[in-house]
Amino acid sequence: MLRRLGGVLIALTALLTAVTGTSASSASAAPVPPAASGHERLPHPDRDWMGSSVKAHERLPHPGRDWLGSTVRGHERLSHPNRDWMGSSVRAHEGRSARAAAQPSTRVTRTPGFDVSNWQGTINWPAAYAKGAKFAYIKATEGTTYKDPYFDANYTNSYYAGFIRGAYHFATPNTSSGTAQADWFVSHGGSWSKDGKTLPPLLDIEYPDGAACYGLSQSAMRGWITAFVNRVHTRTGRWATIYTTTDWWKTCTGNTAAYSKHDPLFIARYASTAGTLPAGWPFYTFWQHADSGTFPGDQDYFNGPLSGLRNLADNT
């Protein structure tokens with residue numbers, strides 16, 4: 001009996017040894033690569049660099065564009081004054097006419113110009129003047145804390161290049177009062193002097209990122225604008241030019257005609273005509289007719305000859 005059991009044990013041991021030997025042999029063999037699938041990373045050396053895949057998987061820091069609440073989404077307007085300029089919201093809300101690329105009608109005399117901010121960087125002012133531009137509006141301020149970093153250079157260099165130029169303020173009616181923003185504007189570039197080269201201070205009021213009217217009722221918006229232009233007039237002796245679109249003006253002010261008596265209109269419409277104007281203004285003084293073209297920044301017209309532009313600068 002014991003002999004029989006011993007034989008069985010010997011046989012089992014031999015069998016296990018054989019099985020183990022076979023497994024080890026299989027394990028030592030080189031693995032067969034699986035078939036490529038849609039999840040395999042395909043090489044593209046002309047588009048690979050250190051960190052080329054990081055952005056897709058991790059959020060890259062950009063402190064110049066990060067602020068408290070910069071990722072919040074909703075109806076509140078997020079502040080990004082370095083990326084706000086005259087017309088920065090117009091194309092997104094009103095688009096451009098299919099004929100916008102064509103030159104506007106020239107049946108009446110118009111004087112070409114343009115408007116700029118830090119977005120355009122360093123500008124060759126003598127070259128722009130040589131191409132035919134004779135005036136420019138330049139971003140000075142926004143809210144009550146921001147001054148455009150290129151304003152001083154643009155304002156000075158445009159003057160010496162021969163331009164008749166003026167400063168503008170990008171309005172944020174949901175952040176502070178019209179009086180406070182007018183004070184900041186006038187104290188940081190929005191003043192005026194009777195030198196024949198300085199246009200009236202300009203209020204740029206257009207669409208925000210969120211609610212079209214900055215959360216203000218039509219009466220509250222009218223009150224804000226009134227406070228701003230009155231304060232500018234008190235401090236500079238000039239009524240402010242108002243830049244806007246007809247659609248925004250109707251929506252957010254109720255299409256009031258209250259400012260048409262004193263404040264020149266700067267209408268924005270990217271088309272071959274300025275179209276219907278806000279109530280009260282029988283004509284526009286300036287027209288932003290395209291957001292790109294011959295000159296830096298947005299392309300503008302003064303509604304009249306160069307002599308009329310000089311008269312406006314002189315307040316005559």
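A residue is taken as buried when its relative accessible area is under 20%. In this predicted model, helix α8, spanning residues 246-253, has Thr246, Trp248, Trp249, Cys252 and Thr253 as buried residues. These residues lie on the same side of α8, because the arc they cover around the axis is only 160°. Gly254 follows α8 and has a positive phi, near 80°.

In helix α9, formed by residues 306-314, burial applies to Gly308, Leu309, Leu312 and Ala313. Viewed down the axis of α9, the buried residues fall within an arc of 145° and therefore line one face of the helix. The cover over these buried residues includes the strands β1 (111-116), β2 (135-142), β4 (164-170), β8 (286-290) and β9 (298-302). Just after α9, Asn315 adopts a positive phi of about 60°.

The largest nonpolar core comprises 44 residues. Within this core, the members that touch the most others are Phe114, Trp125, Phe163, Ile205, Met221, Ile225 and Phe228. Helix α7 (residues 218-236) supplies the largest share of the core, with six residues. Another core, of 16 residues, lies apart from the largest one and has Leu202, Tyr243, Tyr270 and Leu309 among its members.

The contacts of Met221 were also examined, leaving out residues up to four places away in sequence. Leu309, a member of the core of 16 residues, is one of the buried residues of α9.

Definitions and conventions:
Residues are numbered from 1 along each chain as its sequence is written. This is a predicted model: local features need pLDDT of at least 70, side-chain atom pairs count only at pLDDT 80 or more; totals for chains, interfaces and linings use all residues. Side-chain values use heavy atoms; hydrogens and water are left out. Buried means under 20% relative accessible area, exposed over 50%, partly exposed in between (1.4 Å probe, protein chains only). Helices (H or I, at least four residues) and strands (E, at least two) are DSSP runs, numbered from the N terminus. The arc is that of the directions from the helix axis to the C-beta atoms. Contact means heavy atoms within 4.5 Å. A nonpolar core is a set of buried Ala, Val, Leu, Ile, Met, Phe, Trp, Tyr and Cys residues joined through side-chain atoms within 4.5 Å.
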